Amino acid sequence: MDRASVGVALFGLLLVCAAAAPLKKERDIDIYSFHINSTVTSRYAITVITSRVANRLNESKEVHFQVKIPKNAFISKFRMTMEGKTYDGIVKKKEEAQQQYSQAVSRGESAGMVSSVGRTLEEFKTSVTVAAFSKVTFELTYEELLIRRLGKYQLLINAQPMQPVADFKVDVYIKERPDISLLEVKGGLSTNELANAVTTTRSGNEVWVTFYPTREQQTKCEGCAESGLNGDLIITYDVERLNPSGELQVGNGYFVHYFSPTDVQRIPKNVVFIIDRSGSMHGRKMHQTRLAMLKILGDLAGDDNFGLITFDSQVDVWKHELLQARERNLQQAKDFVKQIQDRGATDINSAVLKGVEMIKRHPREGSASILILLTDGDPTSGETNIVTIQANVKKAIGGKFPLYCLGFGFDVNFDFLEKMALENNGLARRIYEDSDADLQLQGFYEEVATPLLTDVQLNYIGAGNLTQTRFSHYYNGSEIVVAGQITDNSLETFQAEVIAISKSNKVKYEDSVSVKDLTGLPEHEKFIQRLWAYLTVKQRLEKEVTLKGEEKEAAKKEALDLSLKYKFVTPLTSMVVTKPHEEDTQVAHKPKEGEQPHRHFDRVQALPQRPPLGAALIPGTCPQSSAPHSTSFSP
């Protein structure tokens with residue numbers, strides 16, 4: 001008899017799939033309890049997923065556990081409990097875990113956990129053989145700092161159990177220092193008959209959201225059937241911002257400072273769009289780029305200045321100078337965009353340097369300059385050495401303004417774009433080749449459309465081991481977060497100072513908080529230390545990309561040491577899980593951004609690289625049936 005396989009998975013949380021067996025057989029492997037518990041303390045979310053599965057048959061069966069988590073998150077705990085014994089995953093240096101994995105493979109044992117990447121998801125899975133009439137409990141914990149985008153924080157929970165679950169619960173608790181100013185619960189799991197299963201309680205600075213659907217409700221939602229729930233729950237919120245100096249918290253010898261002033265005039269911007277029109281942009285990509293640019297041009301403010309550059313092997317400018325976003329200029333620019341046609345090769349070097357030249361040639365007091373590059377391929381014309389291109393661009397910009405790189409699709413060299421952006425105070429983001437690519441482009445632009453401050457410097461007295469404290473731009477709807485250790489134990493008051501440039505002048509913000517009043521903090525208030533470690537690892541990994549030699553190794557070592565201390569699964573570490581009975585060893589890695597999904601079988605694994613930047617949600621998929629002791633996943 002074939003061995004039945006059941007997958008258990010989660011985005012934002014957990015997706016459980018019973019694969020390859022007939023529907024009536026799926027209940028033989030019964031997911032009788034499915035709990036998601038997410039606690040958000042001052043933007044820092046710790047989510048615990050607990051799935052309990054019973055083998056109702058009188059023979060052993062292999063049960064698969066699949067987990068999809070946000071790319072922005074770090075796994076910090078995984079355990080299996082069976083027959084009264086607990087098996088914990090152990091976080092090790094990646095090379096050590098790889099050696100252990102290789103030794104297991106050489107003994108003919110099963111493959112390691114495999115990670116795959118979607119837009120915002122990372123996946124790993126494991127499996128365990130469950131004895132007749134026995135049960136197994138899987139527990140996964142991951143942590144993430146919720147990022148404020150367009151004035152909101154978002155926690156997204158997706159569930160697709162593939163069978164109704166008797167004890168299905170989602171519990172979310174949010175606690176902030178200031179009062180909650182906005183709360184929305186939406187998504188497919190909050191519509192139709194399932195709306196009655198969602199309860200929301202809001203009181204000052206606290207929010208409780210529960211989702212307890214009955215078995216019957218789990219088959220009657222939009223997109224649901226006899227296989228149970230299939231959808232997501234999106235919790236969006238924001239907080240009151242009464243103090244322009246931000247929100248300063250201390251505890252357990254650490255501090256965190258959230259800075260997002262709203263009482264600031266927007267700064268007019270000088271923005272140059274550099275658009276790839278090479279032959280590879282043919283078809284839908286070019287069409288969607290034109291649609292997005294038409295909408296973006298329509299959203300420019302009247303006091304903004306803008307320029308357009310298109311390039312293949314040849315670089316063309318719409319106008320040789322930046323023009324004000326007046327109605328006549330915008331209409332002419334739209335007519336130009338409508339006529340962009342794909343052709344030729346890709347000269348990224350010349351195009352970006354032309355954009356830098358345009359901005360530098362038209363300096364304007366009281367404004368903020370931004371360069372945005374959209375490309376879908378490698379440099380194939382002009383200067384093609386990526387190291388030379390990066391050096392040329394860094395020298396030309398000279399730290400004066402940020403470069404944002406948007407990589408369209410999977411043919412692009414994303415590592416090249418990411419390093420070039422990070423070296424110039426920007427970021428890189430992948431635009432996925434889907435029907436909503438134009439909306440992805442527009443969404444990114446909206447995040448940087450309204451600069452409020454430039455040259456932002458945050459200073460702290462009596463603190464060390466700080467995360468990033470200097471930012472080239474602060475945009476409306478975003479938030480600057482700085483964390484660190486309080487090194488002066490004699491302090492009674494901890495002080496913060498922010499210096500920046502606004503539209504009209506230099507501005508200064510000051511804030512302070514008492515240190516002495518915070519002794520005896522409850523355990524949940526010690527989140528600041530973990531937030532600091534999480535943010536430090538994230539930023540050191542980004543910084544390491546732009547460094548060389550000893551500085552590069554120092555940044556990498558700091559990130560590794562913190563990853564091991566706080567048990568984070570990062571690009572430098574892996575989680576080793578030794579399965580019961582068979583003594584098999586499995587290894588969970590963090591994958592590379594843009595890594596194409598593959599199908600993996602015995603003795604095959606995906607290797608990790610750098611942490612990615614996310615975009616939007618894609619649906620999870622159920623795996624095909626797998627043979628005993630094998631590992632695979634579907635694209």
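1. Val272, setting aside residues within four places in sequence, is in contact with Gly307, Ile309, Leu322, Gly355, Met358, Ile359, Ile370, Leu371 and Ile372. The model in which these contacts occur is a predicted one. Val272 belongs to strand E20. Its relative accessibility is 0%, and Val272 therefore counts as buried, the cut-off being under 20%.

2. Val272 and Gly307 are 35 residues apart along the chain, yet their C-alpha atoms are separated by 4.6 Å.

3. Lys269 is also in strand E20, which covers residues 269-276. Although a lysine, Lys269 is buried, with 2% relative accessible area. Its side chain reaches the backbone oxygen of Ala449 at a distance of 2.7 Å.

4. Not counting residues up to four places away in sequence, Lys269 touches Leu300, Asp304, Asn305, Arg364, Ala368, Ile370, Tyr445, Val448, Ala449 and Pro451. Ile370 is on this list and is also among the contacts of Val272.

5. Next, the helix pair. Helix H5 spans residues 348-361 and helix H6 residues 386-397; their axes come within 10 Å and cross at roughly 0°. The two helices are therefore roughly parallel, as angles under 35 degrees are so classed.

6. On the H5 side, the contact is made by Asn349, Val352, Leu353, Val356 and Lys360; on the H6 side, by Ile389, Asn392, Val393, Ala396 and Ile397. By type, seven of the residues in this contact are nonpolar, two are polar and one is charged.

7. The largest nonpolar core contains 54 residues. Phe78, Phe138, Leu140, Phe211 and Tyr237 have the most contacts inside this core. Strand E3, residues 29-41, supplies the largest share of the core, namely five residues.

8. Which residues does Phe211 contact, leaving aside its neighbours within four places in sequence? They are Phe168, Lys169, Val170, Leu189, Leu194, Ala197, Val198, Leu229 and Leu233. Phe211 is one of the residues with the most contacts inside the largest core.

Key: Residues numbered from 1 in each chain as written. Predicted model: local features only at pLDDT ≥ 70, side-chain atom pairs only at ≥ 80, totals over all residues. Heavy atoms only, no water. Core = buried A, V, L, I, M, F, W, Y, C linked by side-chain atoms within 4.5 Å. Buried < 20%, exposed > 50% of the residue type's maximum accessible area, 1.4 Å probe, protein only. Helix = DSSP H or I, 4+ residues; strand = E, 2+ residues; numbered from the N terminus. Contact = heavy atoms within 4.5 Å. Axes fitted to C-alpha atoms, helices over the stretch in contact; angles between N-to-C directions. Parallel < 35°, antiparallel > 145°, perpendicular 65-115°, else oblique. Nonpolar A, V, L, I, M, F, W, Y, C, P; charged D, E, K, R; others polar. Polar contact = N/O pair within 3.5 Å; in protein donor to acceptor, adjacent residues only side chain to side chain.
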